Amino acid sequence: MTSPQLRFDGRILLLGCGSVSQCLQPLLLRHLDMDFAKLTVMDFEDLSGTIPGTLAAGARYSRTKITPENIHETLAAHLGAGDLLINLAWNIDTVEIIQWCQDNDVLYVDTSVELWDPYADQQATTPQARTLYARHMKLRERAKSWRPDGPTAVVEHGANPGLVSHWTKVALEDITAAILRGDAGDIDAGRREEFEAALASRDYAKLGQLTGTKVIHISERDTQISDKPKLVGEFVNTWSVEGFYEEGIAPAELGWGTHEPELPQHAYTHESGPQNQICLAQTGITTYVRSWVPVGGPIIGMVVRHGEAFTISDHLTVWEDGLATYRPTVHYAYLPTDAAMNSLYECRMTGYQLQTEQRIMNDEITDGMDELGVLLLGHDLNGWWVGSQLDIHESRTLVPHQNATTLQVAASVLGAVFWIVKNPNQGFCVPDDLDHNEVLAVANPYLGKVPSVQTDWKPESAAYEPFEQYRPGKADDQHPWAFRNFLVA
């Protein structure tokens with residue numbers, strides 16, 4: 001595998017030394033042409049023993065917990081103008097840390113939008129206020145004071161959110177190419193001209209509208225298994241336990257399409273901003289939908305909140321005279337490992353008390369893959385999936401002692417780092433603002449197979465209900481791509 005090199009003369013502060021950080025560090029050593037004495041890894045725990053290769057390359061380790069009281073002085077001790085902050089920690093306020101970077105001309109990337117305390121006053125907080133939508137609105141408001149040509153700050157650039165925004169563009173391009181080839185039947189000259197104009201201008205919202213794409217699932221099935229069974233009272237996952245728990249018990253959140261005939265039960269809308277999303281007054285890990293992945297086939301996944309439901313639906317909205325005339329429904333459909341599903345079930349049984357014993361599966365994994373991608377539905381060709389099929393064996397060949405899930409995230413962060421360093425004056429960005437071809441060129445070698453395939457799957461394909469005749473009115477035949485037809489009661 002060729003290893004593209006990126007010259008970087010500044011300092012890097014890598015916040016967090018968890019599973020994704022430990023996977024990213026070998027990639028940084030492999031691809032960055034820099035003095036690694038200028039790299040500092042910081043975590044509030046002493047995890048220096050997990051990164052011997054990074055320390056041997058000359059990097060430093062700092063055991064420090066960033067708090068509202070010490071954030072400015074801590075960052076200033078490690079970073080200055082032209083340097084790079086890679087934030088893979090959790091529960092550090094995103095608005096505040098980016099503000100510091102903007103004020104001090106520091107480049108920035110993270111994988112999620114965070115708060116100091118995401119659990120504060122939950123029972124007194126409305127579902128809307130607990131959403132990522134609310135966090136994005138807060139970010140947008142602060143970003144109004146930042147220079148559009150200021151230091152580049154990219155938020156939410158992991159596998160998802162992150163890569164899925166780029167795969168959505170690939171899918172729309174490939175669906176369009178298939179339609180122009182005549183795969184869905186003859187196309188008239190006027191429609192062909194519209195497609196070609198949208199392609200030329202890279203107008204992906206228009207491509208979504210022209211193709212007729214109504215639904216976008218971020219569909220994922222993780223089949224990695226280990227020879228070390230989950231113990232009672234243990235939460236086992238292939239990535240951050242705390243991160244999964246925090247987003248999992250938050251409201252289910254989804255971009256809401258203009259084709260939807262009605263709001264689902266327990267739905268709440270937003271009163272300000274682009275109003276491209278809704279949330280449900282129920283947790284993401286108890287909201288199940290039917291979806292599909294190429295190898296795993298039909299799945300039932302969870303509508304866990306993720307930032308791509310906001311950014312993809314926002315960027316694919318077509319506005320006319322201040323009204324949204326086109327927008328797809330966008331949400332996650334996540335089926336994690338068997339061990340993680342059992343961990344969630346046990347957590348629910350104890351009133352969502354997170355298990356104190358926690359484990360990230362790595363060397364004990366014996367088989368399986370993480371199949372993650374975007375499933376675009378409702379267009380001329382019915383369905384189309386683009387994504388990563390990365391198994392544990394290839395993962396270990398690429399980066400020893402790491403699993404498929406963390407490598408997908410780390411590869412995305414690496415792609416973002418390349419883009420940021422090459423484009424240092426782009427101000428505040430979400431993944432959809434980046435050039436997808438540039439990012440994927442760096443990330444793809446670490447993602448296993450990356451197919452772009454058509455599918456005839458529909459929500460009713462595997463929707464057998466033994467008591468359907470006694471539950472009239474459940475399906476909506478008049479609106480085949482409505483959210484209610486995917487929802488599993």
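Modeller: What follows goes from the overall fold to single residues.

Modeller: This is a predicted model, so to speak of local features we need pLDDT of at least 70, side-chain atom pairs count only at pLDDT 80 or more, and totals for chains, interfaces and linings use all residues. Residues are numbered from 1 along each chain as its sequence is written, and side-chain values use heavy atoms, with hydrogens and water left out.

Biologist: How many helices and strands does the protein have?

Modeller: There are 15 helices and 26 strands. Both are DSSP runs numbered from the N terminus: helices are H or I with at least four residues, strands are E with at least two.

Biologist: What is the radius of gyration?

Modeller: It is 22 Å. A compact globule of 489 residues would come out near 23 Å, so the two agree. The radius is taken over C-alpha atoms, and the globule rule is 2.2 Å times the number of residues to the power 0.38. Along the principal axes, the C-alpha trace spans about 65 × 55 × 50 Å.

Biologist: And what share of the residues is buried?

Modeller: 56% of the 489 residues. Buried means under 20% relative accessible area, exposed over 50%, partly exposed in between, with a 1.4 Å probe and protein chains only.

Biologist: What about contacts between residues 24 or more positions apart?

Modeller: They account for 75% of the contacts with a separation of 6 or more. Contact means heavy atoms within 4.5 Å.

Biologist: Switching to histidines. Where does His-306 lie?

Modeller: In the loop between strand S16 (297-302) and helix H10 (308-315). His-306 counts as buried because its relative accessibility is 8%.

Biologist: Which side chain does the His-306 side chain make a polar contact with?

Modeller: That of Glu-247, at 3.1 Å. A polar contact is a pair of N or O atoms within 3.5 Å; within protein, one must be able to donate a hydrogen and the other to accept it, and residues adjacent in sequence count only if both atoms are side-chain atoms. Leaving out residues up to four places away in sequence, His-306 touches Leu-132, Asn-160, Pro-161, Glu-247 and Tyr-332.

Biologist: On to aromatics. How many aromatic pairs does the structure hold?

Modeller: 11. One of them is Phe-235 with Phe-244, edge-to-face, 6.3 Å centre to centre and 90° between the planes. Rings of Phe, Tyr and Trp (its six-membered ring) pair if their centres lie within 6.5 Å; planes under 30 degrees apart count as stacked, over 60 as edge-to-face and the rest as tilted.

Biologist: Are Phe-235 and Phe-244 buried or exposed?

Modeller: Phe-235 is buried, at 0% relative accessibility. Phe-244 is buried too, with 0%.

Biologist: Last one. Where does Val-41 lie?

Modeller: In strand S4, residues 39-43. Val-41 counts as buried because its relative accessibility is 0%. Among the residues Val-41 touches are Leu-14, Cys-17, Ile-51 and Tyr-61.
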